[in-house]
Amino acid sequence: MRTTARGDGRRLAARHRTIELGLLALAVAVCLAGHVDADLALTGRMPPGLLVHGLSLGALAGAAHLAVRRFAPYADPLILPLSVFLTGFGLVLLDRLDFSYKAAHTAKGDYQKLPAAPSQLMWVFISVAVALALIVLVKHHRFFQRYVYLLMAGALVLLAAPVFSPGDSFGAKRWIRLFGLSFEPDEFVKVAITIFFAGYLMAARDALALAGRKVWGLTLPRGRHAGPVLAIWVVSLLVLIFERDLGTSLIFFGVFIVMLYVATERTSWVVLGLVMAVGGAAVVGTVEPHVHGRVEAWLHPLDYYKPVHDKAISEQPAEALFSLGTGHLTGTGLGSGRPWLIGFAGRSDFIFTTIGEELGLAGVTAILLVYVLLIQRGLRTAIGLTDPFGKLLATGLSAALALQVFVVVGGVSGLVPLTGKALPFLAAGGSSLLANWLMVALLIKLSDSSGRTALDPPQPSPEPLPPQPSPQPLPAQPSPEPFPAQARPAEQSWQAAP
């Protein structure tokens, strides 16, 4: 019976891989259809190099599928196809924007005329290759549990490095420039910090879950146990002050609070974290000019068009609202809108407005549902895992992705202040793409462990032999009768005889 159940689990895992392959083919086909649609609208011709692009993207997806089939056969069948679709659709949007930016900025001669899609395609191959290397070389996710403090030390160094890097980029110190190259260390910090949080909270969750005093009906944690939260809060504020990076600060602190709640199941940590986050952001937003400008642009986006307005308010928030409003329900169609009017940010966080304008509310809803489904698969993986470290790590990675999508989409749509973070998988940027594919690789390994537990339980040990009855002790033999008393004097007389 047990052997049959194990065989059924392996057959179901093989079926999942077949489903994954079919979804990958569908994702590649949809992305190629998007390329054709956009180029027909822009130029009236089929896109040049479509066959080569399709074969390259298909080969990359096929290689990823084979690696997962061989080294993570019990992984969730949706994580890889969803990631491939978002990455491929990002290439569609960037290629479409490159055409419009080149037409609009060639006469001006500025850097915006340079294409972003070829560089992004190169980073797609690098990112997927690194993710597959992680899947192949790391046998189990608990491998990272041994290096949590080393990862934390490296993450803090990377987090502080932009402060010492010369120059700002659009008001924020988020990039490190070395030998003509630039990258965003905060994208990799979110992965390393999440691994550290999982290891730390696994060891300290009992102490952090201890009850404290009640205030207004809410049980607050004890003061000595609130130290880690205060330390993380201070670090996030320092990032906000010295690097003027609102997005990284929110993601950094938010992921910790979410994982802390999952580890301790105490609502008081969430309430305390929200109060600290809002209070710290309000203070820094008042005293730091760059953050204050983003808050003012969020509160009064149309003030830019007044004759006299705050110089810290840019035109991008208002233009984003106009672009999203132009899309209505179904959009203008790929290649038929004017999202390039937003300017340089159109290929980073404001790439979301391209979706809203050219695909409308229906397209925005579809893309957001893809993100929600990817996050849901990560949380489902966390539920299926049996070890605390894996549960916290899967939860933290899913929370990091959810928070980054929230701060980007919320900033562009006017729900929260702009943060300047890249929209995961879709926006241009090698650092963001590589970090997000590392998260995908970790989720695939975690879901493989979860699926292995559910579908391929370990074989029980053979039935022990029934206990043998202990041998009965032999009955005690009676001791021989002693010599009669009357024989002893005769014996004595015999010994005394001459």
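The following legends describe close-up views of a predicted model.

**Figure 1. Overall content of the chain.** The predicted chain contains 15 helices and four strands. Buried residues account for 47% of its 498 residues. Among contacts with a separation of 6 or more, 73% join residues 24 or more positions apart. The accessible surface of the chain is about 24,800 Å², and carbon and sulfur atoms contribute 69% of that area.

Figure 2. Helix 3 covers residues 79–105. The largest nonpolar core has 106 residues, of which Phe89, Phe197, Leu423, Phe425, Trp437 and Ile444 touch the most other members. Helix 3 supplies the largest share of this core, with 13 residues. Beyond four places in sequence, the contacts of Trp437 include Leu80, Ser83, Val84 and Thr87. Ser127, Val128, Ala131 and Phe425 are also among the residues that Trp437 touches.

**Figure 3. The salt bridge between Glu358 and Arg96.** The side chains of Glu358 and Arg96 form a salt bridge with an N to O distance of 2.8 Å. Glu358 belongs to helix 12 and Arg96 to helix 3, so the pair ties together parts that are 262 residues apart in sequence. Glu358 is buried, at 0% relative accessibility, and Arg96 is likewise buried, at 1%. Both residues are also contacts of Gly337, which touches Thr332 and Glu357 as well. Gly337 lies in the loop between helix 11 and helix 12 and is buried, with a relative accessible area of 9%. The C-alpha atoms of Gly337 and Leu42 are 9.9 Å apart in space, although the two residues are 295 residues apart in sequence.

**Figure 4. A network of salt bridges around Glu187.** Salt bridges link Asp186, Glu187, Lys190 and Lys421 in a network. Within helix 6 (residues 185–208), Lys190 and Glu187 are three residues apart, about one turn of the helix. The closest N and O atoms of this pair are 3.1 Å apart. Lys190 is buried at a relative accessible area of 10%, and Glu187 is buried at 0%. Glu187 also forms a salt bridge with Lys421, where the closest N and O atoms are 3.5 Å apart. This second pair links distant parts of the chain, with Glu187 in helix 6 and Lys421, 234 residues apart from it, in the loop between helix 13 (388–413) and helix 14 (430–455). Lys421 is buried, as is Glu187. A search of the whole structure finds 11 salt bridges.

Figure 5. His35 is part of helix 1, which comprises residues 2–43. His35 counts as buried because its relative accessibility is 8%, under the 20% limit. Apart from neighbours within four places in sequence, His35 is in contact with Pro47, Leu50, His53, Leu91, Val92 and Asp95.

**Figure 6. A nonpolar patch on the surface.** Tyr111, Leu114 and Phe344 form this patch, and together they present about 310 Å² of accessible area. Phe344 is located in the loop between helix 11 (316–327) and helix 12 (351–384). With 34% relative accessibility, Phe344 counts as partly exposed.

Terms used: Residues are numbered from 1 along each chain as its sequence is written. This is a predicted model: local features need pLDDT of at least 70, side-chain atom pairs count only at pLDDT 80 or more; totals for chains, interfaces and linings use all residues. Side-chain values use heavy atoms; hydrogens and water are left out. Patches are made of residues with over 30% relative accessible area and no salt bridge: like charges are joined within 9 Å, nonpolar side chains (Val, Leu, Ile, Met, Phe, Trp, Tyr) within 5 Å. Accessible areas come from the Shrake-Rupley method with a 1.4 Å probe; for residues, only the protein chains shown count as cover. A salt bridge is a side-chain nitrogen of Lys or Arg within 4 Å of a carboxyl oxygen of Asp or Glu. Helices (H or I, at least four residues) and strands (E, at least two) are DSSP runs, numbered from the N terminus. Buried means under 20% relative accessible area, exposed over 50%, partly exposed in between (1.4 Å probe, protein chains only). The expected span of a helix is 1.5 Å times one less than its number of residues. A nonpolar core is a set of buried Ala, Val, Leu, Ile, Met, Phe, Trp, Tyr and Cys residues joined through side-chain atoms within 4.5 Å. Contact means heavy atoms within 4.5 Å.
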